[in-house]
Amino acid sequence: MKKWFNSCSRLVQLILLLIPFVNWIVEIGVRWSNFLEKKGLISLILAIVVTFFGLVFGWVDLIWCLLFKHLILAK
């Protein structure tokens, strides 16, 4: 899901991150796919945090995505 999200246009990424419940689902999918690809401790911690606090973390990722076209530590 991470590759799909990063390949989307910036407008689609921002729209997905603006909708609250969709934001959380996208965050969970991108974070867990990033962990499965990289197998890092930071990726695991972010995946767990986003699973429980994804709605809050999603707004930060919205700004990050606006600036850098990918989620925090999920390039």
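# Close-up views of a predicted model

**View 1. Lys2 and Glu37 form a salt bridge.** At 46% relative accessibility, Glu37 counts as partly exposed. The model is predicted, so local features need pLDDT of at least 70 and side-chain atom pairs count only at pLDDT 80 or more, while totals for chains, interfaces and linings use all residues. Residues are numbered from 1 along each chain as its sequence is written, and side-chain values use heavy atoms, leaving out hydrogens and water.

Now look at the partner of Glu37. Lys2 is buried, at 4% relative accessibility. The closest N and O atoms of Lys2 and Glu37 are 3.1 Å apart. That meets the rule for a salt bridge: a side-chain nitrogen of Lys or Arg within 4 Å of a carboxyl oxygen of Asp or Glu. Lys2 sits in helix α1 (residues 2–7) and Glu37 in helix α3, so this pair links distant parts of the chain, 35 residues apart. A helix here is a DSSP run of H or I with at least four residues, numbered from the N terminus. Side chains of opposite charge can pair when their charged atoms come close.

View 2. Start with Arg31 and Glu27. Their side chains meet in a salt bridge of 3.7 Å, N to O. Both lie in helix α3, 4 residues apart, so about one helical turn separates them. Next comes Asp61. Its salt bridge with Arg31 has its closest N and O atoms 2.7 Å apart. Asp61 belongs to helix α4 and Arg31 to helix α3, so this pair ties together parts that are 30 residues apart in sequence.

How many salt bridges does the rule give? The count comes to 3.

**View 3. The largest nonpolar core has 10 residues.** Its members are Phe5, Leu14, Leu16, Leu17, Val26, Val30, Leu62, Cys65, Leu71 and Ala74. A nonpolar core is a set of buried Ala, Val, Leu, Ile, Met, Phe, Trp, Tyr and Cys residues joined through side-chain atoms within 4.5 Å. Which elements give two or more residues to this core? They are α2 (10–18), α3 and α4. The largest share, 3 residues, comes from α2. In soluble globular proteins, nonpolar side chains tend to be buried together.

Zoom in on Phe5. Phe5 is then in contact (heavy atoms within 4.5 Å) with Gln13, Leu16, Leu17, Val26, Val30, Cys65 and Leu71.

View 4. How many disulfides does the structure hold? The count is 0. A disulfide needs a pair of cysteine sulfur atoms within 2.5 Å. Cys8 is buried, with a relative accessible area of 11%. Cys65 is buried as well, at 0% relative accessibility.

**View 5. Phe21 and Trp24 make an aromatic pair in helix α3.** A search of the whole structure finds 3 aromatic pairs. The ring centres of Phe21 and Trp24 are 5.9 Å apart and the planes stand at 55°, so the pair is tilted. The rule pairs rings of Phe, Tyr and Trp (its six-membered ring) if their centres lie within 6.5 Å; planes under 30 degrees apart count as stacked, over 60 as edge-to-face and the rest as tilted. Helix α3 spans residues 20–38, and the two residues are 3 apart in it, about one turn. Phe21 is exposed, at 56% relative accessibility. Trp24 is partly exposed, with a relative accessible area of 25%.

**View 6. Trp64 and Phe68 form a tilted pair.** Their ring centres are 4.6 Å apart, with the planes at 45°. Both residues lie in helix α4 (residues 41–68), 4 residues apart, about one turn of the helix. Trp64 is partly exposed, with a relative accessible area of 32%. Phe68 is partly exposed, at 44%.

Note on methods. Buried means under 20% relative accessible area, exposed over 50%, partly exposed in between (1.4 Å probe, protein chains only). Lists of a residue's contacts leave out its neighbours within four places in sequence.
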